[in-house]
Amino acid sequence: MRSQLVYKKIGHELLANNMDTQMLAEATGIPYYTLRSRFRGESSFTLDDAIRIHKVIGSHMSIEQLFERDDVH
């Protein structure tokens with residue numbers, strides 16, 4: 001069974017920037033498998049990770065908006 005991604009806004013921003021998780025990993029220096037685990041909600045992003053991802057993506061959203069989890073209601 002495939003795990004559900006819980007940070008869908010980041011996924012949308014990656015698509016808008018023609019990036020994938022591997023490219024994000026290379027640009028941020030965060031290991032690919034660490035990113036995949038964190039996108040699935042299996043572990044948490046650090047503040048440093050969030051800042052690096054936000055800068056690389058260049059999102060118009062705040063870090064808080066970009067990293068809002070989709071599995072929390």
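Which residue just after α1 takes a positive phi?

What we have here is a predicted model, in which local features need pLDDT of at least 70, side-chain atom pairs count only at pLDDT 80 or more, and totals for chains, interfaces and linings use all residues. Residues are numbered from 1 along each chain as its sequence is written, and side-chain values use heavy atoms, with hydrogens and water left out.

Let's begin with the fold. The protein chain has five helices and zero strands; helices here are DSSP runs of H or I with at least four residues, strands are runs of E with at least two, and both are numbered from the N terminus. The radius of gyration is 11 Å, close to the 11 Å that the globule rule gives for 73 residues, so the chain is as compact as a globular protein of that length. That radius is taken over C-alpha atoms, and the rule is 2.2 Å times the number of residues to the power 0.38. Along its principal axes, the C-alpha trace spans about 30 × 25 × 25 Å.

How much of the chain is buried? Of the 73 residues, 36% count as such, where buried means under 20% relative accessible area, exposed over 50%, and partly exposed in between, with a 1.4 Å probe and protein chains only.

Now to α1, residues 8-16. Its buried residues are Ile-10, Glu-13 and Leu-14. They cover an arc of only 105° around the axis, which puts them on the same side of α1; the arc is that of the directions from the helix axis to the C-beta atoms. For anyone who likes the geometry, an α-helix has 3.6 residues a turn, so residues three or four places apart point the same way. On the other side of α1, His-12, Leu-15 and Ala-16 are exposed. The buried residues pack against α2 (21-28), α3 (32-39), α4 (47-57) and α5 (63-66), with contact meaning heavy atoms within 4.5 Å.

And my opening question? Asn-18 is the residue, with a phi of about 50° just after α1.

On to α4, where Asp-49, Ala-50, Ile-53, His-54 and Ile-57 are buried. Seen down the axis, these residues fall within an arc of 130°, so they line one face of α4. Their cover includes α1, α2, α3 and α5. Turned away from that buried side are the exposed residues Leu-47, Asp-48 and Lys-55. After α4 comes Gly-58, whose phi is positive, near 70°.
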